[in-house]
Amino acid sequence: MEAAMGLMRRMPPKHSETALSALLSLMPQHSSDLLSQVDQPLQVLCDVDYGKEFILCEYNRDADSYRSPWSNKYHPPLEDGPYPSPELRKLEIEANEVFAIYRDQYYEGGISSVYMWEDENEGFVACFLIKKDGSKSGHGRRGYLQEGAWDAIHVMEVGPEEEGMAHYCLTSTVMLSLTTNNESTGTFNLSGSIRRQMNMDLSVADGHLCNMGKMIEELEGKLRNSLDQVYFGKTREMVCTLRPPAELVQVRLPDS
């Protein structure tokens, strides 16, 4: 199982679905663990009642149906699917409205969804999802990428309130893939994923949504910086080593 998880961590996001299917065939006894621990690129479905798209994931799925955060209905219809309590559903609606604003400000478009459900410890769990298709035919406004996707999954576990405080545990995963194709450089592909966790005890005076939003914003900023340093920084270093800029080559050439 440890080797399988190590393999999935190193697998490009665009190939993760194929790799997971192969592992499930090889290790059927660990299927539940693999499906619960391996994050895959997010899929999208349209809520016909509201005319709005929502994100599909393991956290809003029951059998082969997915619950929409907009209409609170399952697609396809499901009679006995689980639903959040009325109080939690009210918080879920507010979270979707606020997170849509956050998505537009940071991502200039894309799709977001928030799902909440009660847990066994008298608290609740919230899942914040963002999917941005940055390709020329998708949500990309600048048109630089032939293909490009950013999938962010933020799972927040909120403990029960005690003396005006609550414990928050945030696990965030970001999957990035991009492909460029032009005459000067040819086809170039870069992809990877990164996961981090954050724990905090915070006062609930300002509300759970405010606390969760601050933690997601902080951790997502750290993930973006890590991706920039690890993936883009190392790529620049390798490219400049293999193919140094022309002006640098001229400086290094000895005088004739």
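Predicted model: local features only at pLDDT ≥ 70, side-chain atom pairs only at ≥ 80, totals over all residues.
Student: How many helices and strands does the chain have?
Tutor: Helices (H or I, at least four residues) and strands (E, at least two) are DSSP runs, numbered from the N terminus. On that basis the chain has six helices and 10 strands.

Student: What share of the residues in the chain is buried?
Tutor: Buried means under 20% relative accessible area, exposed over 50%, and partly exposed in between, with a 1.4 Å probe and protein chains only. The chain holds 256 residues, and the buried share is 41%.

Student: How many disulfides does the structure hold?
Tutor: A disulfide is a pair of cysteine sulfur atoms within 2.5 Å. The cysteine sulfur closest to that of Cys 127 belongs to Cys 57 and lies 4.6 Å away, so the two are too far apart for a bond. The number of disulfides in the structure is zero.

Student: Is Cys 127 buried or exposed?
Tutor: Cys 46 is partly exposed, at a relative accessible area of 38%. Cys 127 has a relative accessibility of 0%, and therefore counts as buried.

Student: Which residues does Asn 211 touch, leaving out those up to four places away in sequence?
Tutor: Asn 211 is part of helix H5, and its relative accessibility of 5% makes it buried. Contact means heavy atoms within 4.5 Å. By this criterion, Asn 211 touches Tyr 168, Leu 202, Ser 203 and Val 204.

Student: How are H4 and H5 oriented to each other?
Tutor: Two packed helices are described by the angle between their axes and the distance between the axes. Axes are lines fitted to C-alpha atoms, for helices over the stretch in contact, and angles run from 0 to 180 degrees between N-to-C directions. The axes of helix H4 (residues 86-107) and helix H5 (residues 208-242) come within 11 Å and cross at roughly 30°. Angles under 35 degrees count as roughly parallel, over 145 as roughly antiparallel, 65 to 115 as roughly perpendicular and the rest as oblique, so H4 and H5 are roughly parallel.

Key. Residues numbered from 1 in each chain as written. Heavy atoms only, no water.
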